[in-house]
Amino acid sequence: MSTTGRYTITAALPYTNGPIHIGHLAGVYVPADIYSRYLRMTGNDVAFICGSDEHGAAIPMRAKKEGVSPQVIIDKYHQIIKQSFHDFGISFDNYSRTSAAVHHETASDFFKKLYNDGKFIEETSEQLYDPEAEQFLADRFVIGTCPKCGHEEAYGDQCEKCGSSLNATDLINPKSTISGSEPILKQTKHWFLPLDQYEDFLKEWVLVGHKKDWKTNVYGQIKSWIDDGLRPRAVTRDLDWGIPVPVAGAEGKVLYVWFDAPIGYISSTKEWAEREGKDWEPYWKDKNTKLVHFIGKDNIVFHCIIFPSMLKAEGSYILPENVPANEFLNLEGNKLSTSKNWAVWLHEYLEEFPDKQDVLRYALTANAPETKDNDFTWKDFQARNNNELVAIFGNFINRVIVLTNKYYNGIVPSPSTFSEIDQKVLAELKAYPAVIASSIDRYRFREASQELLNVARLGNKYLADEEPWKLVKTDEERTKTIMYVALQIASALATLSEPFLPFTSTKLKSMLNIGLEGTVATEWNAIATTEVLLPSSHQIEKGTLLFSKIEDTEIQKQLDKLEATKKANEAENKVVEPQKETATFEDFTKLDIRVGTIIEAEKMPKAKKLLVLKVNTGINIRTIVSGIAEHFSPEEIVGKKVTVLVNLAPRKLRGVESEGMILMTETPEGKLVFLNPDEDNVSPGAIVS
Ligand SMILES: [Zn+2]
């Protein structure tokens, strides 16, 4: 078990271009919260720090697209994210944002220190520039053909098709995503952090120093970056969104977001310390403080190579003790995606499953992507709830609370002599705090969550074996002892569950009437060292159910929602037919298109696809043969108004002369519909024919 100490725990700063989804939670926030809560319970001094990352280039781009200011975008998502974390019980000591004044100041000072100490190199180079928008084009502001794979919509920083990391100037036929114009090359000066100069330091610190205690997936990624050779990385860029570069001659330049974002941990700590009347510096500069970064695997390079090099360059900061990055979580077999809306959004979950925060926390922990990518399925979520939380944890607590109230009016009975089984169970119980702690200390949260459930299993098995509900008729003294032992287990569960299931823990503590000041000890370590957790004659409360069953219909509703998303994405991705050759106005006026009413409809004998229609075109009533029999029954279209091309040359179909054509289009599912794009589920680009 860890000794009492000081910890600075950071969780990746979420990007304010969308809300939080289960992938973020499973990868970063739930494990970070378990860890922080556990450390506090074991007497450590913890600063659990996070905040919104608001300077990414995607933010001004999205703002432009939506026709609002970037501030509107960041305010919207900062609010949603902050609120949903709070409602989900993520126990940040501070949640800040990188647009805050304290952060601008901290990041500027950090830059100036490195600048003044000569830690940067300056370089003037030719970069892509959009003369129309009067702006340099980096990252997502430019698209073009990937030089590696030929993909035509590669971005200035990366090709999403082949995954290559690119420079904007590598792109073939680059195009500005702001104005669509062809960029020119223009000279610009930037500052770079020469990462190549930190290779020896990084090798010594991580590759040698943390070979044994860091996760193998994290270690492996760091090693491959270092083995590939590190290059200087620009810390500034030409953009009007971000923290202005605080030196002369840098007008129109801001700090690169990768440089300012991790400093956000420091400024958020400052904000917290200021509010709490504490000194922030020991949390970042005292060698005895343990700094732990919780992140997803896409952030490893920033937290294990770049940020430590920045901290090393600055000189007065500590380095991370560990970076327990997780792999990715998928959803129902597909990659989670904000842009494709393929996600379970936290703020929506909280609305749809109020009071079930702990169920999601548990499902995400029990199936956490700690060593490989994992899949979240709604069926697994339901099974974790119904078969584990309800059937094991909830069932045990319910029995204990109900029987204690029934037999003893809620007063903890006095035990007589403990049997061998009682002693064994109590000894096993005392071992659990260390067992669970050992898993948490090694960042094995799924293992820890299963050990927690084993405490409830221990209780369940004990009651099932001892059967107090039978014994109460024949041996009152023995029943008292059994219930006393069961109540000790329930009390331990109230404490041990807190890091994992904080809402459940609170509920259970109030049922057991513990955890209030001056009552029974609820510290983690007390379970192992205290003889009596819940003393005889202590009064407990009446119970309520800790967990409730989740029905199939609730799960189906979620699956239907995902199915609708899938359909919408497919419709969006459906290839649109290329535009036909240009038609002159004269060409167009040759066509005579009128509104008509279908007054009769019948099937063409022996033709599966054809209906014979009588249509009132206003000019006359005429026969039109239409290939819509598989999409409409004759009855449902009589009386419908339709669009008719009336001067199409008549032609015979199966011996019936057709004088005109009804204009139709097609839905993404392939159903023909009459021309009424507003009413029907028709996509842009659908052909009228
Ligand atoms: Zn490519």
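Guide: Welcome! This model is predicted, with pLDDT of at least 70 needed for local features and 80 or more for side-chain atom pairs, while totals for chains, interfaces and linings use all residues. Residues are numbered from 1 along each chain as its sequence is written, and side-chain values use heavy atoms, without hydrogens and water.

Visitor: What makes S2 and S3 a pair?

Guide: Two strands pair if DSSP finds at least two bridges between them; four join S2 (residues 45-52) to S3, so they qualify, and they run parallel. Strands here are DSSP runs (E, at least two residues), numbered from the N terminus, and helices are H or I runs of at least four. Across this pair, Cys50 stands opposite Tyr95 in S3.

Visitor: Why are S3 and S13 at the edges?

Guide: The open sheet has the order S3-S2-S1-S13, with parallel pairing. S3 (94-97) and S13 (289-294) each have a single partner strand, so one side of each lacks a neighbour in the sheet.

Visitor: Why is the crossing of H4 and H9 called left-handed?

Guide: The term applies if the near helix is turned anticlockwise from the far one by less than a right angle, and right-handed if clockwise. H4 (residues 101-116) and H9 (residues 300-314) pack at about 65°, and H4 passes H9 in a left-handed crossing. Their axes, lines fitted to C-alpha atoms over the stretch in contact, with angles from 0 to 180 degrees between N-to-C directions, lie 9 Å apart.

Visitor: Which residues in H4 meet H9?

Guide: Phe110, Lys113 and Leu114 do, meeting Met310, Leu311, Ala313 and Glu314 in H9 (contact means heavy atoms within 4.5 Å).
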